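Here is a short report on a structure with its chains and their contacts. Please look through the sequence and the model before reading on.

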Amino acid sequence: MGHLSPEVLADARRLVDLYPEPRSALIPICHLAQGQDGWLRPEAIAEIAEIVGVSPAEVLGTASFYDMLRTEETGRYLVSVCTNVACMLQGAYELLDHAEQRLGVKAGGTTEDGMFTLEDAECLAGCDDAPCVQVNHRYVGHLDADGFDALVDDLRLGRRDDEIPRHGVLVRVRRETGLTVSADEVSAERARQREADEAVARQAETGAAGAAKGAGA
Amino acid sequence: MITDAPRIVTRHLGTPDSHTMGSYLAAGGYTALRKALAMPPAQVAAEVDKASLLGRGGAGFPAGRKWSMLARDPVRYLVINGDESEPATFKDHLLVYGDPHQVIEGTVIAAYAIQATQAFIFLRGEFALGLERLQQALNDAYRHGAVGRDIFGSGFSIDVVVHPGAGAYICGEETALLESLEGKRGFPRIKPPYFPAAIGLYGKPTIVNNVETVSNLPWIVENGGDAFSALGEGSSTGTRLFALSGHVRRPGNYELEMAKTTFRDLIYAPVLGGGIRAGHTIKAFIPGGVSAPWFGPDQLDMPLSQDEVGKAGSMLGSGSVVVFDDGDCVVRAAWRITRFFARESCGQCTPCREGSGWLEKIMRRIEEGAGREEDLDLLMDVCDNIAPGVSWPPQQTTICVLGPSIPSSIAAAIRMFRDEMLLHIKEGACPYD
């Protein structure tokens with residue numbers, strides 16, 4: 001225990017409070033842990049398990065289902081090149097080939113200096129800017145080979161850090177309020193509304209029946 | 001025909017900082033919510049029913065009818081599906097990044113109409129900036145009194161939570177999404193029950209609506225359901241976002257009146273797709289996301305109507321249109337789409353898990369020039385095991401519709417482009433390489 005920083009731990013506990021059941025916070029907390037470490041370290045997995053009240057195996061078993069939750073060490077910058085059909089038509093595989101050469105790793109690999117992990121991604125919902133590339137899940141616009149090289153140089157020199165923070169997509173997401181109404185309050189409020197609705201419906205029915213009678217007479 | 005229908009979901013886009021509270025309020029934001037809260041919830045639902053708003057996620061189920069199926073239970077949830085992952089679909093991306101307050105206003109209106117006890121907006125995890133903007137918008141909306149306790153003094157309260165996904169196409173399927181929201185692997189649930197409206201999140205009645213669907217609600221409340229259903233034709237009412245990509249000059253999202261504009265207009269009109277590459281002709285297009293069967297140039301004059309596209313044996317689906325011209329290899333395209341399904345199959349059902357992998361391998365060897373003539377029959381046989389009859393709408397041997405969507409592109413390659421498939425095999429190479 002004690003792997004997650006006090007700040008991350010506090011954020012994690014706040015996330016748990018947002019859901020009717022603690023386990024719902026499992027995936028968001030995995031994102032928080034990735035914000036701290038860049039990937040899901042076993043120590044983090046054990047701690048997340050304790051926070052949400054499941055076994056570490058269940059956290060790993062869940063996390064391993066999801067592409068974004070990284071169970072192996074990942075570079076500082078995760079470079080995702082979409083090669084799905086719309087991007088493929090606009091030269092995504094040629095760009096991926098270039099990226100592999102430039103970074104010296106195959107898709108799925110991480111550079112020796114730990115700076116870059118390259119991935120051959122599925123559709124990133126940026127098809128109007130094909131071929132679509134994300135770095136740490138930030139869109140960087142469509143790129144040709146020269147654009148890619150410039151991006152890599154910039155990233156190495158830390159020139160894009162304002163726009164592209166470390167990965168972990170929640171690093172800049174801050175919820176400012178907790179839940180504002182308790183479940184009991186909401187239920188009571190809904191019951192009141194239901195009674196009001198039913199009263200309106202009854203009235204309408206009586207009115208309609210009255211009108212029908214009137215028409216019949 | 002391009003009509004002068006009003007822009008509905010994109011009406012605030014293009015203004016500076018359209019994602020901020022200041023910009024949204026300046027454009028009259030949150031007045032629809034005030035109006036809705038002054039009506040009985042059933043009347044809000046009735047307006048949406050009158051609008052005949054079809055769900056914009058892909059299945060096209062009427063939103064009002066979905067709401068009416070909600071089981072009676074003091075606890076009921078609303079979940080907004082923003083896990084946009086259907087290849088070539090990027091409309092919810094636009095709405096969340098460009099107008100997150102409209103998504104929130106629509107969410108609260110829906111929550112009020114169905115009297116939800118809590119609402120969740122499940123947003124695709126890869127939308128990093130979208131998550132930031134949506135959460136910021138939500139923080140501002142809480143401060144403004146548009147979300148939370150006693151909204152605008154109406155006595156109605158609702159909490160909204162932005163929930164990040166983590167990268168899995170299958171979580172767009174609503175029961176898989178609910179599993180994921182419960183903190184589990186995104187495995188679609190066995191049906192029946194067919195609708196989460198009966199048994200949904202944590203076993204409670206739940207309505208799942210798409211981001212674009214709820215983005216229509218403020219306009220519908222302001223202008224009335226009749227004004228919405230006056231647009232479009234038949235069951236395809238209102239306007240809709242069409243995401244155009246592939247080999248067109250001007251790929252992008254276009255909001256168009258349903259059933260009035262044709263695929264030809266969308267692809268060729270100078271203010272829309274702007275046509276294809278000079279010196280090329282159109283070869284085929286996908287009318288509604290990669291799960292949909294393909295169309296050829298002879299179907300260009302079909303209107304963008306859910307009914308018409310359905311009758312012609314495909315679907316308008318997520319509203320994403322992908323264009324192939326005569327310089328594009330359809331075998332390669334069909335292989336890449338199949339590879340997508342093979343990667344994204346959740347693995348629960350044998351026909352999908354095994355079938356997708358084998359189909360991908362066979363398609364790849366044809367594309368690479370190592371195919372055999374009998375492969376075409378073999379492909380159809382495997383497809384038949386996933387979706388018997390390989391027809392549309394597909395028969396199903398699996399828990400969800402991911403599996404039965406796999407044959408669409410392969411069947412298109414074989415039925416529409418048999419010669420091109422055979423040419424790969426005869427020449428032992430891709431003729432486009």
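## Polar contacts across the interface

The rule finds 40 residue pairs in polar contact across the interface of chain B and chain A. Both residues of each pair are at pLDDT 80 or more. The pLDDT cut-off applies here since this is a predicted model.

## Extent of the interface

Between them, the two chains bury about 5700 Å². Carbon and sulfur atoms carry 54% of that area. On the chain B side, B:A166, B:R185 and B:R336 lose the most area to chain A. Together these three residues make up 11% of what that side buries.

## Salt bridges

Between chain B and chain A the count is 7 salt bridges. One salt bridge pairs B:E132 with A:R138. The closest N and O atoms of that pair are 2.8 Å apart.

Over all chains, the structure holds 43 salt bridges. Within chain A, A:R174 forms a salt bridge with A:D11, and the closest N and O atoms are 3.1 Å apart. A:R174 lies in the loop between α7 (145–156) and α8 (183–216) of chain A, while A:D11 lies in helix α1 (residues 6–17) of chain A, so the pair ties together parts that are 163 residues apart in sequence.

## Helix packing in chain A

Two packed helices are described by the angle between their axes and the distance between the axes. In chain A, take helix α2 (residues 26–37) and helix α3 (residues 42–52). Their axes come within 10 Å and cross at roughly 145°. The crossing of α2(A) past α3(A) is right-handed.

Which residues make this contact? From α2(A) come A:L26, A:I29, A:C30, A:A33 and A:D37. From α3(A) come A:A44, A:I48, A:I51 and A:V52. The contact of α2(A) with α3(A) divides into 8 nonpolar, no polar and 1 charged.

## Helix packing in chain B

In chain B, helix α3 (residues 41–51) packs with helix α6 (residues 100–113): the axes come within 8 Å and cross at roughly 115°. B:P41, B:V44 and B:A45 of α3(B) make the contact with B:I109, B:Y112 and B:A113 of α6(B). The residues of this contact divide into 6 nonpolar, no polar and no charged.

## Backbone features of chain B

Where are the cis peptide bonds described here? One joins B:K191 and B:P192, with omega about -5°. B:P192 is found in the loop between α8 and β4 (206–210) of chain B. Another runs from B:W392 to B:P393, with omega near 0°. B:P393 sits in the loop between α16 (375–386) and α17 (402–405) of chain B.

B:Y30 is not a glycine, yet it has a positive phi of about 70°. B:Y30 is placed in the loop between α1 (21–26) and α2 (31–37) of chain B.

Technical notes
Residues are numbered from 1 along each chain as its sequence is written. Chains are lettered from A and ligands numbered from 1 in the order in which they are written. This is a predicted model: local features need pLDDT of at least 70, side-chain atom pairs count only at pLDDT 80 or more; totals for chains, interfaces and linings use all residues. Side-chain values use heavy atoms; hydrogens and water are left out. Buried area is the accessible area (1.4 Å probe) that two parts lose on being put together, summed over both. A salt bridge is a side-chain nitrogen of Lys or Arg within 4 Å of a carboxyl oxygen of Asp or Glu. A polar contact is a pair of N or O atoms within 3.5 Å; within protein, one must be able to donate a hydrogen and the other to accept it, and residues adjacent in sequence count only if both atoms are side-chain atoms. Axes are lines fitted to C-alpha atoms, for helices over the stretch in contact, and angles run from 0 to 180 degrees between N-to-C directions. Helices (H or I, at least four residues) and strands (E, at least two) are DSSP runs, numbered from the N terminus. A crossing is left-handed if the near helix is turned anticlockwise from the far one by less than a right angle, and right-handed if clockwise. Contact means heavy atoms within 4.5 Å. Ala, Val, Leu, Ile, Met, Phe, Trp, Tyr, Cys and Pro count as nonpolar, Asp, Glu, Lys and Arg as charged, and the others, Gly among them, as polar.
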